[in-house]
Amino acid sequence: GILLQEPADWDGEFGSFQQARWVAEDGLRRISGILEPDAFERNADVARGYLLAGFANRWLGEVQCSSTIDGGPEVPRTEHFNRADSLFSRAISVGGASGADAIVEAAYGGRASIRAWLGNWAQAALDAQQVGAGFEYGAVFSTVSGAVENHLVFETNNRREFTVFNTIWETQPQDDPRVPWEIPLDNAGQVLKGQDGETDFYRQLKYLTQDTDVPLTHGTEMLVLRAEAALRDGSVGQMTGLVNQARAEYGLDPIAEP
């Protein structure tokens, strides 16, 4: 594929990923020089800064094989997971002191995912228990300018660059809440083709407008995380119960214990 042949094509994208991390982390450094220490530890915006820095580091760990931080040496991607764990912990501490309950809950969700990434499943499950089933914290998008629009919607609706065709989701019901989709037809009643003019275009329906937010963490994700932790411990019954709690949030029928 072109991404493997021309990695330079992605330089700008990875630069943006690092910029998001640096802006959050350096913003916290600058704020610490403005506020008195006690005020810093009780400021809701500071808690949010730690939360966003945590999510930025999580993303870098997820999409890179190795990394560099602020011009330093090459480090494994787990360095970002370790940083994220610490940053989410700080968000929990400062958020709790400032009464920023949503920040705290989101930070528990973020830290749970990090600890799962690092193989600390028992700790991940404990963190996940702090997140309500209906909770959601998202990346905010807006149509106020192109820079903050949901570009996934643009590429999968305004344009036809990505398709559900020939993916695992093609085998699932079209109203599956994880990835709802449809088969649009052209004026001749034939399946609409993708941007290449050849591939069948099956349109995703999960994100429909360019101001649709994208969850960074949510309660049903935490239920599934806890279910995997239970399964890893050999508790199939507990796993089934947790999966069914998540399914209930979407109005889906429960599954039977395997």
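I looked up Glu62 and found a salt bridge with Arg58, the closest N and O atoms being 3.9 Å apart; the term stands for a side-chain nitrogen of Lys or Arg within 4 Å of a carboxyl oxygen of Asp or Glu. Glu62 and Arg58 are four residues apart in helix α4, so about one helical turn separates them; helices (H or I, at least four residues) and strands (E, at least two) are DSSP runs, numbered from the N terminus. Glu62 is partly exposed at 29% relative accessible area, whereas Arg58 is buried at 9%, where buried means under 20%, exposed over 50% and partly exposed in between, with a 1.4 Å probe and protein chains only.

I note that this is a predicted model, in which local features need pLDDT of at least 70 and side-chain atom pairs count only at pLDDT 80 or more, while totals for chains, interfaces and linings use all residues. Residues are numbered from 1 along each chain as its sequence is written, and side-chain values use heavy atoms, with hydrogens and water left out.

Next I looked up Glu41, which forms a salt bridge with Arg90, with 2.8 Å between the closest N and O atoms. Glu41 lies in the loop between α3 (37-40) and α4 (44-63) and Arg90 in helix α5 (residues 78-98), so this pair ties together parts 49 residues apart in sequence.

I also found Arg21, Glu25, Asp70 and Arg83 linked in a network of salt bridges, and the count for the model comes to 16 salt bridges.
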